Amino acid sequence: MHHRTRYLFDRTLARSTGALLGWLALCCLAIVVPVSALLVWTDPDAPHSLSGRLTQVWRTSAETLRLGAATGAPVRMVLSVLLGLIALLCVSTVVGVVTTSLGDRLTELRRGRSRILEQDHTVVLGWSDQIFPLVGELIAARPAGVRHVISILADRDPATMESALTAALGVTEGVRLECRTGSPTDPDALALVTPGTARTVTVLPAEDTDGDLTVVRTLLALRTLLHAENGPRVVAAVRDGRYVPAARLAAGPHGTVLETDRTTARLLLQSAAHSGMSSVLRDLLDFSGAEFHVSDIPEAVGLTFEEVALRLETSCVVGILRADNSPLLTPAPRTVLEPGDRLVTVAYDDRPVPLTDSRAQVDTTAMAPPRPRPESPSRLLLLGWNRRAPLIVDMLRRTALPGAVLDVVAATDTGSPQNGTPGREDPSPLRVVHRTGDPADPETLSGLDLSVYDSVIALGADQETCPERSDDRTLLSMLTLRSWEETTHRVLPVVAEMSDHRSRRIAPVGRASDIVLRGELTALLMAQIVHNPDLAAVFEEIFAVRGGALALRTADHYVLAGRETSFATVVAAAWERDECAIGYRPHDPHAYRPHDTVRLCPDKSQQRVWSAEDEILVLTAGRGKPDTPDLSRYALPGMRPERGGGDSLSSTPESSAAHSPPT
């Protein structure tokens, strides 16, 4: 009986709004009338007659329900109830309208669809793993005491974006993050972040199959909102070099386009050749220490570049930015600075630096005589296969010495193996061997003789093929390699590529291991260009045209081992080899990871005893043209200088870089 009554009651409520209101009225009357009667009957001042008490019950009930309290003829009481119901209807309607309007407005705000009205703010379009280092560096670059707004537009929930950034970056004091939801390719959505009044606009590549096409479409959508002559600086990044020319056309004259995959591949090779190179580049490109600056020093006009290099005590000069914004890095020592030229330096801040004379600190007797570096063929193990793998193979093919070997361990579903360009004989002496297996399986790695390899590169899966946990398989491979090191008591240089910044903190790194975050170097370059647009041409020269011009050399290549001398002597010795010394990495035999410490732009007068294990960070002279850069700068030990072929960030990948593992 109870369930049937409940069923009938539910059916009555589901019929219409009128039925719901009727039940509500009955429930109210069932409670209000008895309680009102109880109040009247317990009131000592209540009327003694029954009619008087019933009238009092009516008035109490009517006042409680706001129906009026008129008494008298039944018609008068009915009219009073009607007026009360009309008043209740009007009030409830007004309350409902106000509540609905406020709710809709709050929902709109939570959806991130309100327009941002700011001036000189920074706009970030898109969402990827690069957004965390990018926004972090933009916050670090903010001058002290100056509030700044960073607006982010992506096709995501704004609350989720803000929570992810806050969790990754921590306190963002002095910077307000404004997240808006919408497609960056839609001009109407772009208008929400007002890019026309922004200082800079950055476009991040999406982690999907058509991410580069989305970047190009976003740049075209920006053209509808930005002024062609005096619009903000646009900095964008694409993954595939084939889309760089189209992206640069879409970005316009104020745009800078970087390529993520080739930059990451180059960094992986550099880190394999020199342990800790990724941490060196992070220290050089983030805003926590020394970084690149463009300095205007009028008193340097008329001096030679070599003279200026020894007159900057606390900064290292690496080139000249001509009056037409064309960079001239590591120029000839006798190059004279002309009016309008600015110096490209590595320093801890951009404050004007007075010129001092450090030539007396140079000890020519402590300089090491030039000698050729010994070369022997190397053997590299490549674990996994992704978009960067063909670029790595292509770079190694151009720099290989006779006898060099590249072993590739990849799963069977990566495609049909190829070696070189189909229909053309491969002139490279590099021997590429493909082994079918799962790099994350310990049995696969235990079947290899790891002691024969000079270094190991572990590649992570692409986001579009393994979007959820792309780093987990790389962590499994690193665990197996770390276990081999502990068992054999041998150091194996391992460079692992990952996508999540949180994976670097838990990775089982060894003594010579390194973690390269996918796209992190590109994000740091974007942040530097956003902060100082004049550096765009400088970075293009360093990381694209020259292709890995930053290198680590042992200290005995410049000064005699065991001699105490100044850093000015190292700078002068580097000039003898057409190189600019930027800093050094001291060798600490007692440190577990001696490659994590680099000291940038030390004082020229600093004296120390240089050992043969110390390393000097230098910017080398470019030997190639923009279409034929010097690939030997990031070659592994045992690789020779490149014999030709483009490797610029803006060039189109060779047809030999097929997206399939070689044999």
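Guide: Let us start with confidence, since this is a predicted model. In the protein chain, helix 4 (residues 74–111) has the lowest confidence, with a mean of 64, while strand 1 (residues 122–125) has the highest, at 94. The chain as a whole averages a pLDDT of 80, and 79% of the residues score at least 70.

Visitor: Over which residues is the pLDDT below 50?

Guide: One such stretch is residues 415–424. Beyond near neighbours in sequence, this stretch has 23 contacts in the model. Residues 623–663 also have a pLDDT below 50, and that stretch has 161 contacts in the model beyond near neighbours in sequence.

Visitor: How should I read the pairing of strands, and with which strands does strand 5 pair?

Guide: One looks at the bridges and at the sense in which the strands run. Strand 5 (residues 233–238) pairs in the parallel sense with strand 4 (residues 200–203) over four bridges, and Val203 has Ala236 as its bridge partner in strand 5. With strand 6 (residues 255–259), strand 5 again pairs in the parallel sense, over five bridges; here Val235 stands opposite Thr256 in strand 6.

Visitor: What do the helices make with these strands?

Guide: Helix 8 (residues 211–223), together with strand 4 and strand 5, makes a right-handed β-α-β unit. A right-handed β-α-β unit is also made by strand 5, helix 9 (residues 244–251) and strand 6.

Visitor: Why is strand 5 described as largely enclosed by the rest of the structure?

Guide: The description applies because five of the six residues of strand 5 are buried.

Visitor: Which strand runs antiparallel to strand 17?

Guide: It is strand 22 (residues 615–620), joined to strand 17 by five bridges. Arg553 has Ile616 as its bridge partner in strand 22. Strand 17 (residues 550–554) is mostly covered, with four of its five residues buried.

Visitor: How many disulfides does a search of the whole structure find?

Guide: The search finds zero. To read this result, one compares the distance between cysteine sulfur atoms with the cut-off, which is 2.5 Å. For Cys580, the closest cysteine sulfur is that of Cys316, at 8.9 Å, so it is too far for a bond. For Cys601, the closest cysteine sulfur is also in Cys316, at 5.4 Å, and this too is too far for a bond.

Visitor: Are these two cysteines, Cys580 and Cys601, buried or exposed?

Guide: Cys580 is buried, with a relative accessible area of 2%. Cys601 is buried as well, its relative accessible area being 3%.

Key: Residues are numbered from 1 along each chain as its sequence is written. This is a predicted model: local features need pLDDT of at least 70, side-chain atom pairs count only at pLDDT 80 or more; totals for chains, interfaces and linings use all residues. Side-chain values use heavy atoms; hydrogens and water are left out. Buried means under 20% relative accessible area, exposed over 50%, partly exposed in between (1.4 Å probe, protein chains only). Helices (H or I, at least four residues) and strands (E, at least two) are DSSP runs, numbered from the N terminus. Two strands pair if DSSP finds at least two bridges between them. pLDDT is the predictor's confidence in each residue, from 0 to 100. Contact means heavy atoms within 4.5 Å. A crossover is right-handed if, with the strands pointing away from the viewer, the path from the first strand over the helix to the second runs clockwise.
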